[in-house]
Amino acid sequence: MSKLKQRIGSMLQQTFDLPSEVTLELPRITMVGSIHAYIENHHGLLVFQDQELRVKVYGGFVRIKGERFVLKMMIEQEILLEGTINEVTFHSDKER
Amino acid sequence: MFYKRQNWFKGSCTIQVKGDFPERFFDFCVRKGIQVWNVRRQNQTTCQGTIYVSDLSQIRRLKRETIYKIRLQKGQGFPFLVKATLRQKPLMIGSILAVLFIFILSNIVWKIEIEGLNEDLERKVTKQLESYGVYEGNFQWSLESPGVLQRKLLEDIPELLWVGISKTGVSYHLEGVEKTIVEESENTPASHLVAEKEGVVVDLYVEKGQPLVKQNDTVHVNERLISGILGEEEEMEEKDSDNPPVAAEGEVIAKVWYRSEVAIPLRDSYGVLTGDSENKYYVHASNKLFPIWNFRNPDYHDYQIEVEERSFYFLKWKLPFSFVKQTVYQKEKIEVDRTSKTAKTLALQQSRRKLRQEIGVDGEIIDEKILHEKEENGKVKITLYYTVEEDIVKRQPISQGD
């Protein structure tokens, strides 16, 4: 059922040229060099440490690693992360 | 871009969260719509973040639903700055004193400038002003308004022709004009004396000029009584400079008749102040009067109120409140019932007084005759006829014929 929904969603997106994060509920991560990362459309904060940030997204989670992390701003579904970012990795639920 | 600058005026505070996965508490807050910023992980079990002070009560409520321990750390922003300033007693006392001081100083007379008067008169004015309380160093709120001072000065110093008092902030500025007593110039231009009123000549005193009327002559208004031209009139027209025209001087006493009508009501009522009065004090602010002294209303049935208002100043600005003194005078209504006889005597007195105003002190009332007397609509109406002897001359310049 959910697979069907996703397929319809991607079809809609292709035909109407809609922004993918809206139709597919995917996170949008904007980065300014390696010092800032805006994460929008996430589904919740899982872990936040000095060197790691884990955010739940649709069908998995995003892990950002780096140093001296500070959450400059938190509003619902939006996070502004500040620090030295080394890597951004995507993980699906199955890996866990 | 969602990043917004935090509102400094709202005031924010830093909280510390203790427990397993403390960052999840902030996530929880964010889901409830609370804005959080500057979140920092301190160690495995503690995390700190900043929120608005106004959200604190909501945080407390959320805390009860979770197992986290929350500690308030410090506040920033305007409300905390105000609080910190208020806590500094000497600073507060100092600033209050300073404002009070400025307020008191702005209500003191600092300078009195007098302009346009000679030294002697200036000293007199200064002394007079001092008696009204206008001297350097006195408080302004006990003084009368410049308009009243102006009138009083003019009354009390007869040498002053005019004085203007203007008040700018803490200084009074006076501008005076001295009365110069103009001596009647000896050479008034050549003129005749003519009749001001109609009448019968009784007496003539001619100092200068040629009389044109005799005793028992009837004269009309503007008839020439004493001519400024000596000799024959025709001579004058021939421009004979033997007898140049002079300013006629003299008095012509004539019998003049006046008619006057007076009506006196038989039943009359008028208000009289009994002399009883009471003072009430108010502070006047934003069009409302707030009583500050003497709250009770005097139980006068009929009264008259006199209001005196004084305003306060801060530097040069007029403060929006003022001090009002009300004096309530008791009034009494007096009703009189007159008989027609007393009404008649009153009417006579009244008309005589009126006549006296018209003829001045030199005139003489010779005869008084009641022409007509009737009573109707509760009034006594009297028509009187007076015979008066008075000086009727009026100066009329001789046109030199351009």
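Which residue in β17(B) is the bridge partner of Leu273(B)?

Modeller: The bridge partner of Leu273(B) in β17(B) is Lys331(B). The model is a predicted one, in which local features need pLDDT of at least 70 and side-chain atom pairs count only at pLDDT 80 or more, while totals for chains, interfaces and linings use all residues. Residues are numbered from 1 along each chain as its sequence is written, chains are lettered from A and ligands numbered from 1 in the order in which they are written, and side-chain values use heavy atoms, leaving out hydrogens and water.

The pair belongs to the antiparallel contact of strand β14 (residues 267-285) with strand β17 (residues 317-337) of chain B, which extends over 16 bridges. Two strands count as paired if DSSP finds at least two bridges between them; helices (H or I, at least four residues) and strands (E, at least two) are DSSP runs, numbered from the N terminus.

Lys331(B) in β17(B) also stands opposite Asp302(B). The strand pair concerned is β16 (residues 302-314) and β17 of chain B, which run antiparallel and are joined by twelve bridges. β16(B) and β17(B) form a hairpin with two residues between the strands, where Leu315(B) takes a positive phi near 50°.

β14(B) has a further antiparallel partner in strand β15 (residues 288-293) of chain B, with five bridges between them.

As for the setting, the assignment of chain B, whose bounds come from an automatic or database source, lists domain 4 (261-267 + 337-390) and domain 5 (271-334) among its domains. Another sheet of chain B is open and has five strands in the order β11-β9-β13-β19-β18, with antiparallel pairing. Its edge strands, which pair on one side only, are β11 (218-219) and β18 (364-376) of chain B. β18(B) is held to strand β19 (residues 379-391) of chain B by eleven bridges in the antiparallel sense, and Ile365(B) faces Val388(B) in β19(B). Helix α8 (residues 340-359) of chain B packs on this sheet, touching β13 (249-265), β18 and β19 of chain B, and its direction makes about 35° with that of β19(B). Contact here means heavy atoms within 4.5 Å; axes are lines fitted to C-alpha atoms, for helices over the stretch in contact, with angles running from 0 to 180 degrees between N-to-C directions.

Elsewhere in the chain, a three-stranded open sheet has the order β5-β7-β6 (chain B) and mixed pairing. β5 (111-115) and β6 (160-168) of chain B are its edge strands, and the twist averages 15° from one strand to the next. β6(B) and strand β7 (residues 171-178) of chain B pair antiparallel over eight bridges, with Ile165(B) bridged to Leu174(B) in β7(B). Helix α5 (residues 119-132) of chain B lies across β5, β6 and β7 of chain B at about 145° to β5(B). Helix α6 (residues 146-156) of chain B also packs on the sheet, touching β6 and β7 of chain B, with its direction at about 155° to that of β6(B).
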